[in-house]
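Thanks for coming. Please have a look at the screen.

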Amino acid sequence: MKRKTARKDSNYVIYVATHNGQAYIGLTRKGSTTVKKAVAERWRKHISRARNEDRDWVLYRYIKAGNWCGWEHEVITVIRGRAEAYAYERELVKHIQPTLNDQYIG
């Protein structure tokens with residue numbers, strides 16, 4: 001099966017997920033669905049990966065500790081272009097330093 005490459009002109013959603021005072025800033029490609037559905041699907045993948053994969057990310061350790069439910073998601077912005085979206089996400093994480101992001105900090 002051939003994988004599609006992300007188009008440079010796609011829209012990307014930057015969101016913040018919060019749970020009991022903890023925060024995670026994430027990014028997902030919007031695709032042809034709604035912004036809300038894109039974020040929900042990305043979050044479902046995070047939960048699945050935390051349960052089934054051996055990734056040592058702060059977010060996944062937090063989820064594995066029993067924090068599966070009760071998350072709130074808020075869309076920060078929608079940005080056109082992959083490079084622009086990833087750059088903006090990096091800057092947000094560096095500036096805000098959310099507790100559950102371990103990438104881009106340091």
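Along the sequence, the pattern here is β-β-α-α-β-α. That gives three helices and three strands in the chain. Keep in mind that this is a predicted model.

Some totals next. The chain has 106 residues, and 34% of them count as buried. Its accessible surface is about 7100 Å², with 48% of that belonging to carbon and sulfur atoms. Now take the contacts between residues at least 6 apart in sequence: 56% of these join residues at least 24 apart.

Now to the helix I picked, α3. This helix runs over residues 82-96, which is 15 residues. From first C-alpha to last, α3 reaches 21 Å, close to the 21 Å expected at 1.5 Å a residue.

Which residues of α3 are buried? They are Ala-85, Glu-89, Leu-92 and Val-93. Looking down the axis of α3, these buried residues fall within an arc of 95°, so they line one face of the helix. The general point behind this is that an α-helix has 3.6 residues a turn, so residues three or four places apart point the same way.

What covers that buried side? The cover for the buried residues of α3 includes the strands β1 (11-19), β2 (22-29) and β3 (72-80). On the face turned away from the buried side, α3 carries the exposed residues Ala-83 and His-95.

One last detail, at the end of the helix. Gln-97 follows α3, and the phi of Gln-97 is positive, near 50°.

That is what I have; questions are welcome.

How values were computed:
Residues are numbered from 1 along each chain as its sequence is written. This is a predicted model: local features need pLDDT of at least 70, side-chain atom pairs count only at pLDDT 80 or more; totals for chains, interfaces and linings use all residues. Side-chain values use heavy atoms; hydrogens and water are left out. Helices (H or I, at least four residues) and strands (E, at least two) are DSSP runs, numbered from the N terminus. The expected span of a helix is 1.5 Å times one less than its number of residues. Buried means under 20% relative accessible area, exposed over 50%, partly exposed in between (1.4 Å probe, protein chains only). The arc is that of the directions from the helix axis to the C-beta atoms. Contact means heavy atoms within 4.5 Å. Accessible areas come from the Shrake-Rupley method with a 1.4 Å probe; for residues, only the protein chains shown count as cover.
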